[in-house]
Amino acid sequence: MDGKKEVSNSILFFLISVMLISLFAGASVYDINSKNSSLKQIIIPKYDNVRVSFIINDITFKKEDRLALNNALILAKKYNITFELGVIAQQFNENSNPETFKIYEDNKDAFEIIAHGLTHGSDVIFTDEFNESGSYGEFYIPSINRHIPADVQEEHIKKMKGIFEKNNLTTATKIFAVPYYEGDENTIKLAEKNGYKLIIQRLSSVQNYTEQHYGQIIALESYVYIPPYNIFSSSDLIIYNNKMMDIMAAGKKNVYISFHQINLEVLENADKFFKNLIEKNPDVKFAAISSRFEK
Ligand SMILES: [Zn+2]
């Protein structure tokens, strides 16, 4: 009998320990930044070190970009968030409008520019053979499994970076969101060779939020893709919130929510999206991508 009691006591002890450990596992009590001697206790949130960044792709700073940028600015101020602007270098070089670009220049605390290709599509540079197949994608065309030759890819990356350098847009010489998120291994290696530190693109045929380190560059596919429409239904809000949670649950530290300008063209609807996401996740840190590199 005693033996049995001892066994059940140990089981009870074990269960209590497990409960206590799980209670405290997510909440340590260090304040590493404490400058004075008082040991202020802080609870480290469940998603500590996770950064969620918002990207608006296909920005060229033409006149038509103004609506989305102005709305993004309103949201940035309201929710204390920042937006990455995925800029297409060649179109920026040729068509940017000074008044539109001023929205960025006057609000660098709300915006950060990242690279989003030289031409974005294959139609500008490649031959009819590519165009006739209804293809797209500057660096890789998955619909026909077309790998763009490495020398062409490198030429594009160099020219893209050159335009950003010329305009002193430093973050766009470090962070690269590949057009359509479609690139191959060469895209990553060539971006690294040309000084990029972070590249966002699909890394496998099924999106599984992989992160890979290639030398000096980190390649990530931990993004939530928002399709190009401007009305969000309540089920959309749940779906995208859940996708973000999935990535965090998979242990990824960087999540990118990827928009098109059209998503931001109706302010009321865009506001619904951000209100839902931010209020539902009070312990998630929404921050600029470059903050990853700050010490
Ligand atoms: Zn794009």
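Strand 2 and strand 3 (residues 111-115) run parallel and are joined by five bridges, where strands are DSSP E runs of at least two residues, helices are H or I runs of at least four, both numbered from the N terminus, and two strands pair if DSSP finds at least two bridges between them. The model is predicted, so local features need pLDDT of at least 70 and side-chain atom pairs count only at pLDDT 80 or more, while totals for chains, interfaces and linings use all residues. Residues are numbered from 1 along each chain as its sequence is written.

**Exercise 1.** Find the bridge partner of Glu 84 in strand 3, and describe how the chain crosses from strand 1 to strand 2.

*Solution.* In strand 3, Glu 84 has Glu 112 as its bridge partner. On the side of strand 1, four bridges link that strand to strand 2 in a parallel arrangement, and Phe 54 is partnered with Phe 83. The chain passes from strand 1 through helix 2 (residues 66-79) to strand 2 in a right-handed β-α-β crossover, that is, clockwise from the first strand over the helix to the second with the strands pointing away from the viewer.
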